[in-house]
Amino acid sequence: MVADEILLELLHAELVNYVCSNEPKEKEPSGQLNKHCNLSTLEYFGFSTGYKLIERFTKDWSRFKDELDTIKFICTDFWTSIYKKPIDNLRTNHQGVYVLQDRAFRFMAKISNGTQHLDAAPLYIAFTSGLLRGALANLGINSIVTAEVQSMPACKFHIQVPRNQMP
Amino acid sequence: MAVCIAIIGKENAPKYVACTEKDQELDFHYKVHSSLDIIEEKLSATSLTKGTDLREQCLGLLYATEEHKIYGYVTNTKIKIVIVIDANHTGLRDNEIRAMFRKLHGAYADAVCNPFYIPGDPITSKKFCETVHGLLVKS
């Protein structure tokens with residue numbers, strides 16, 4: 001069905017809207033309002049969602065072999081079940097840095113392409129960064145997730161796993 | 001059926017322990033605690049032998065004493081589930097144990113997915129308690 005695929009996008013857009021509207025308005029020109037939205041609230045929503053989702057997704061899955069195997073699961077099965085497509089490109093330096101590239105990120109696909117609305121981009125990827133961090137945290141990988149948007153529907157997620165914590 | 005069921009968190013801290021006889025609770029804590037070493041051993045053994053693809057979540061029988069048999073299960077999220085069975089209770093088949101583990105895992109996932117559950121906390125869900133006590137020995 002086409003209709004139920006858009007529900008998540010609508011819910012997410014509304015979530016961003018809600019978090020922004022609940023922020024105390026500061027005395028700044030209204031054009032800069034976006035920058036005051038609390039990204040960590042959105043990130044935390046993502047974290048708890050990811051943490052809980054992964055508990056269910058991996059329930060009937062055999063145990064993962066290693067860290068790369070886990071990341072691959074995130075890129076393919078986990079990503080597909082949320083964003084209806086797998087990650088387009090995964091790169092790693094085999095030392096704890098992973099770069100996940102999505103060339104048509106679903107939450108930004110409806111925003112006009114290019115660099116026009118680039119200042120609003122952090123709002124739309126904070127939830128997903130948290131989602132990745134939460135999923136990995138529950139799988140036993142404590143990580144730092146940062147995101148990068150250069151031109152609108154494409155985005156990159158950098159996952160850094162501190163090496164000293166690895167077994 | 002089981003005399004003790006324990007859920008152990010990622011860092012080997014108990015999340016939930018239930019047993020049939022309250023006065024033996026400490027004894028069960030010791031038994032579950034010592035079984036964690038065997039779980040670690042089994043986990044590292046499977047990661048070394050890459051040829052045999054035995055990465056099942058159910059670890060089977062961990063060890064048996066005169067009184068009890070102890071079974072283990074590890075989820076992808078590094079949660080360990082330990083079930084202690086009375087050794088006198090023979091005729092309990094392997095797939096029955098598996099079914100118990102699967103049921104517990106399902107109940108655990110439900111408890112974690114509760115929006116009021118804060119990741120890392122001990123489990124206090126009433127529904128989860130009911131499931132666990134349903135699996136403990138009825139005598």
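Predicted model: local features only at pLDDT ≥ 70, side-chain atom pairs only at ≥ 80, totals over all residues.
**Chain A in outline**

- Chain A contains 4 helices and 4 strands.
- The order of these elements along the sequence of chain A is α-α-α-β-β-α-β-β.
- Chain A has 167 residues, of which 31% count as buried.
- When contacts in chain A between residues at least 6 apart in sequence are considered, 63% of them link residues at least 24 apart.

**The sheet of chain B**

- Chain B holds an open sheet of 5 strands, arranged in the order β2-β1-β5-β4-β3 with antiparallel pairing.
- From one strand to the next, the twist averages 15°.
- α2(B) packs on this sheet and touches β1, β3, β4 (68-74) and β5 of chain B.
- The direction of α2(B) makes about 140° with that of β5(B).

**Strand pairings in chain B**

- Strand β1 (residues 2-8) of chain B pairs with strand β5 (residues 80-86) of chain B in the antiparallel sense, over 6 bridges.
- B:Ile8 has B:Lys80 in β5(B) as its bridge partner.
- β3(B) and β4(B) run antiparallel and are joined by 5 bridges.
- These two strands, β3(B) and β4(B), form a hairpin with 3 residues between them.
- β4(B) also pairs with β5(B) in the antiparallel sense, over 7 bridges.
- The hairpin of β4(B) and β5(B) has 5 residues between the strands, and B:Lys78 in the turn has a positive phi of about 65°.

**Strand β4 of chain B**

- β4(B) is mostly covered, with 7 of its 7 residues buried.
- Both faces of β4(B) are covered. One side carries B:His68, B:Ile70, B:Gly72 and B:Val74, the other B:Lys69, B:Tyr71 and B:Tyr73, and all of these are buried.
- B:Gly72 in β4(B) stands opposite B:Gly60, and B:Gly72 also stands opposite B:Val82 in β5(B).

**Helices α2 and α3 of chain B**

- On the α2(B) side, the contact is made by B:Met100, B:Lys103, B:Ala107, B:Tyr108, B:Asp110 and B:Ala111.
- On the α3(B) side, the contact is made by B:Lys127, B:Phe128, B:Thr131 and B:Leu135.
- By class, the contact of α2(B) with α3(B) comprises 6 nonpolar, 1 polar and 3 charged residues.
- B:Ala107, which lies in helix α2 of chain B, is buried, with 21 other C-beta atoms within 10 Å; the cut-off for a buried residue is 20 or more.
- Apart from its neighbours within four places in sequence, B:Ala107 is in contact with B:Phe128 and B:Thr131.
- B:Ala107 and B:Phe128 are separated by 21 residues in sequence, yet their C-alpha atoms are 5.7 Å apart in space.

**Where chain A meets chain B**

- The contact between the chains takes 16 residues from chain A and 13 residues from chain B.
- Helix α2 (residues 39-57) of chain A packs with α2(B) at an angle of about 165°, and their axes are 9 Å apart.
- This angle makes α2(A) roughly antiparallel to α2(B).
- The crossing in which α2(A) passes α2(B) is left-handed.
- A:Lys52, A:Glu55 and A:Arg56 in α2(A) meet B:Ala109, B:Val112 and B:Cys113 in α2(B).
- The residues of the contact of α2(A) with α2(B) divide into 3 nonpolar, no polar and 3 charged.

Definitions and conventions. Residues numbered from 1 in each chain as written. Chains lettered and ligands numbered in written order. Buried ≥ 20, exposed ≤ 12 C-beta atoms within 10 Å, placed from the backbone. Contact = placed C-beta atoms within 7 Å. Pairing = 2+ DSSP bridges. Axes fitted to C-alpha atoms, helices over the stretch in contact; angles between N-to-C directions. Parallel < 35°, antiparallel > 145°, perpendicular 65-115°, else oblique. Left-handed = near helix turned anticlockwise from the far one by under 90°. Nonpolar A, V, L, I, M, F, W, Y, C, P; charged D, E, K, R; others polar.
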